[in-house]
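Hi everyone, thanks for coming. Today I'd like to walk you through the aromatic rings in one model. Let me put it on the screen.

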Amino acid sequence: QVQLVESGGGLVQPGGSLRLSCAATGSISRIGSMGWYRQPPGKQRDWVATITGGLSTNYADSVKGRFTISGDSAKNMVYLQMNSLKPEDTAVYYCNIHYASVDTWYHSWGRGTQVTVSS
């Protein structure tokens, strides 16, 4: 079983930056993709960004140009650099991994890290 642990959340002023990290541990043969989702208070969880094959990246329109996703395949880690933060970026941010253990593919979620953008 794979576990994901997010870190790096906190309180930041509008216009500020934060860097989220996510570490995946457990029986991983291969990683298909890693990504970030977020859930604002009282709303559904939405996709933010994905990195596939360690190189190909995709972003939600709401964060394009402000957020950058990157990965370290050797360490099974993924990062989310968030710049020019806005109050509407306030949410619990969750890490997700699509991975293979031996010959079976799975999805796993972290517990989330709170990001609050407020003056």
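**Rings and their partners**

Counting ring pairs gives two aromatic pairs here, where rings of Phe, Tyr and Trp (its six-membered ring) pair if their centres lie within 6.5 Å; planes under 30 degrees apart count as stacked, over 60 as edge-to-face and the rest as tilted. Tyrosine 37 and tryptophan 109 make an edge-to-face pair, with 4.8 Å between centres and 65° between planes. This pair joins distant parts of the chain: tyrosine 37 sits in strand 4 (residues 30-39) and tryptophan 109 in strand 10 (residues 104-109), 72 residues apart. Strands are DSSP runs (E, at least two residues), numbered from the N terminus.

Before I go on, a word on the source: this is a predicted model, so local features need pLDDT of at least 70, side-chain atom pairs count only at pLDDT 80 or more, and totals for chains, interfaces and linings use all residues. Residues are numbered from 1 along each chain as its sequence is written, and side-chain values use heavy atoms, with hydrogens and water left out.

Tyrosine 37 is partly exposed at 23% relative accessible area, and tryptophan 109 is partly exposed at 38%; buried means under 20%, exposed over 50%, partly exposed in between (1.4 Å probe, protein chains only).

Tyrosine 99 and tyrosine 106 are stacked, 5.4 Å centre to centre with 25° between planes. Tyrosine 99 is buried at 6%, while tyrosine 106 is partly exposed at 37%.

And the charges? Arginine 19 lies over the face of tyrosine 79, 4.1 Å from the ring centre (the rule: NZ of Lys or CZ of Arg within 6 Å of the ring centre and within 35 degrees of the ring normal). Arginine 45 lies over the face of tyrosine 94, at 3.6 Å.

Methods
Helix = DSSP H or I, 4+ residues; strand = E, 2+ residues; numbered from the N terminus.
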